[in-house]
Amino acid sequence: MPQSSAHPAVIITTTPDLEAACARLAAHAFVTVDTEFLRETTFWPKLCVVQVASPEEAVVIDALAEGLDLTPLFELLRNEKVLKVFHAARQDIEIVWHLAGFIPAPLFDTQVAAMVLGYGDSIAYDQLVQRITNAHIDKSSRFTDWSKRPLTQAQINYAVSDVTHLRDVYLKLAASLEKRKRTHWVGDEMSILTSPDTYRQAPEDAWRRVSGRVRKPRDLAVLIEVAAWREREAQSKNVPRSRVLKDDAITEVALQAPDTPEKLAGIRMIPKGWERSRPALDLIEAVKVGLARDPATLPHQAPPRIASNGAGATVELLKVLLKMVAESQGVAAKVIATTDDLDMIADSDTADVPALHGWRRELFGEKALALKHGKLALAIERGRVAAISR
C-alpha cells in the first residue's frame with residue numbers, strides 16, 4: 001500500500017503531535033506496530049522507538065524525546081475497535097505491559113499466522129516479507145544503538161519499512177486464513193501471548209527458569225528462595241539476572257545450600273571475594289529461609305516421566321505422522337503438536353494435550369490414536385509417506 005502524501009512518515013517528539021497522529025491512526029480498522037529497544041545491560045527493556053502504520057501513513061515515535069507522554073499511544077493500543085498487528089509480538093507486548101500494565105487488544109501476530117499457514121516454524125520477519133511481497137529489507141540498522149540521538153536516516157527508513165511491509169503481510173495472511181478457514185486457529189495459538197501470566201515477573205516464580213537439575217524437596221526449597229532473591233536484586237538494580245548471579249551458580253547454591261560465607265566461597269561459580277559482600281550475605285539468608293521451609297508448602301513437581309516399553313518406537317512413528325500431516329496441510333508441525341505432546345499421547349489416549357483437542361484433534365489427534373492402535377498404517381507411496389486405514 002502506498003504512503004499517503006497527506007501524512008508522510010515523520011518523527012514524533014511532542015505529546016500534541018502524538019495525540020494528533022494517534023487520532024488519525026484510530027480511524028482505521030487495523031494498525032501495524034513494532035518497537036526498537038535496548039536490553040543488553042538492563043533487566044527491563046529500554047523503549048527507544050515505536051513505529052506505527054495505518055493503511056494511509058506511518059509514524060515513528062521517539063520514545064526518548066524529553067517531555068513526551070506516551071498516553072495517546074497506549075490509548076490507541078487499548079482501543080478495541082482497532083486491530084493491532086505485530087510480528088513476533090512477545091517482546092513488544094512485554095514492553096507495553098511493563099510501562100502501562102496492559103496487553104494490547106485485539107491482537108494479531110503475523111508470525112503465528114505464518115506458522116498456521118505453513119511458512120515454517122517461527123519464520124523471521126524479513127524472510128516472511130520477502131516470500132509474500134518479494135521486497136528486501138535492509139537489516140543493517142537492526143542492531144544499531146537506538147538510544148543515540150539524533151536517529152539516522154537509515155534507522156528511520158528501517159523503522160518505517162518494518163511497519164509498512166507488515167501491512168501487506170497482514171492483509172495477505174488474513175485473506176489466506178479466511179480462505180482456508182483457519183482464522184480461529186490463530187486465535188487458539190494467541191492464548192499465551194495474551195495471558196498476563198506470560199509477562200508477570202514475580203520473584204516467587206523465578207525458580208522455574210532454572211529448576212532442571214533440582215529434584216529433592218530441600219534443594220527445591222533453597223532454589224525457590226535463592227532465585228527469588230536474584231529476581232528482586234535484578235529488578236531493583238535494573239540489571240540482567242546474569243549480572244547478579246548466573247544460572248549455573250544459582251543451581252549450585254541450591255544443591256549445596258551454603259549457610260556461611262566460607263561455604264559460599266567454596267562454590268566454584270562464585271567470584272573470589274564476593275562471599276563477604278552485602279548481596280552475598282543476603283543470598284545466604286535466602287538459603288537459610290529455604291532450609292527452614294516446610295516441604296509441605298513447596299510447589300508440586302511432576303516426577304520425570306518414564307516411558308513404557310515400546311513407547312519410544314511409538315513416539316518415532318507419531319513424529320513421522322506429524323510431519324506428514326503438517327506437510328500435507330501446509331502448517332508448521334509445532335503448531336499441531338510438540339514432542340512432549342507425542343510422548344504423552346504414546347503413554348495415554350486421554351492425555352490432556354492440545355493435540356487431542358479442537359481442530360488439532362481433527363487434523364492429527366484422531367490419526368495419532370488410530371496409528372497407535374493399529375487402525376492406521378504408514379507407507380511409502382511414490383516417494384512420499386502416506387497414511388492407510390486398516
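Analyst: The lining of the largest pocket divides into twelve nonpolar, five polar and nine charged residues. The model is predicted. The volume of this largest pocket is about 730 Å³. Its lining counts 26 residues. Closest to the centre are T35, E36, Q91, R142 and Y158.

Which elements build the lining of the largest pocket? Strand 2, helix 3, helix 5 (125-133) and helix 6 each give two or more residues. Strand 2 supplies the largest share, with six residues. Strand 2 spans residues 30-38, and helix 6 spans residues 153-179.

The whole structure has one cavity of 30 Å³ or more. The largest cavity holds about 60 Å³ of space. Its lining consists of V33, T35, L47, V50, L73, F74, L77, F86, I95 and V96.

The largest pocket, by contrast, has nine charged residues in its lining.

Four elements each bring at least two residues to the cavity lining: strand 2, strand 3 (46-53), helix 2 (71-78) and helix 3 (90-100). Helix 2 gives the most, with three residues. Strand 2 and helix 3 also figure in the lining of the largest pocket.

R78 sits over the face of F102, 4.0 Å from the ring centre. Helix 2 runs over residues 71-78.

Now the aromatic contacts. There are seven aromatic pairs in the structure. In one of them, F30 and Y170 have ring centres 4.7 Å apart. Their planes meet at 50°, so this pair is tilted. F30 belongs to strand 2 and Y170 to helix 6, so the pair ties together parts that are 140 residues apart in sequence. Both elements give two or more residues to the lining of the largest pocket.

Y170 counts as buried at 12% relative accessibility.

Y170 has a further partner. F108 and Y170 form an edge-to-face pair, 5.0 Å centre to centre and with 80° between the planes. F108 lies in strand 6 (residues 107-109) and Y170 in helix 6, so this pair ties together parts that are 62 residues apart in sequence. F108 is buried, as is Y170. F30, F108 and Y170 form one aromatic cluster.

One more open space deserves a look. The second largest pocket contains about 560 Å³ of space. It is lined by 21 residues. V112, M115, E189, I192 and K334 lie nearest its centre. Helix 4 (110-116), helix 7 (183-189) and helix 14 (333-336) are the elements that give two or more residues to this lining. By class, the lining of the second largest pocket has ten nonpolar, four polar and seven charged residues.

Domain 1 (10-198) and domain 3 (311-389) each contribute at least three residues to its lining.

Technical notes. Residues numbered from 1 in each chain as written. Predicted model: local features only at pLDDT ≥ 70, side-chain atom pairs only at ≥ 80, totals over all residues. Heavy atoms only, no water. Phe/Tyr/Trp six-rings, centres within 6.5 Å; stacked < 30°, edge-to-face > 60°. Buried < 20%, exposed > 50% of the residue type's maximum accessible area, 1.4 Å probe, protein only. Lys NZ or Arg CZ within 6 Å of the ring centre and 35° of its normal. 1 Å grid on protein atoms, 1.4 Å probe; cavity = no way out; pocket = protein on both sides within 12 Å on 5 of 7 lines; lining within 4 Å. Points joined across faces, edges and corners; volume = space filled by probe spheres on them. Nonpolar A, V, L, I, M, F, W, Y, C, P; charged D, E, K, R; others polar. Domains from an automatic or database assignment.
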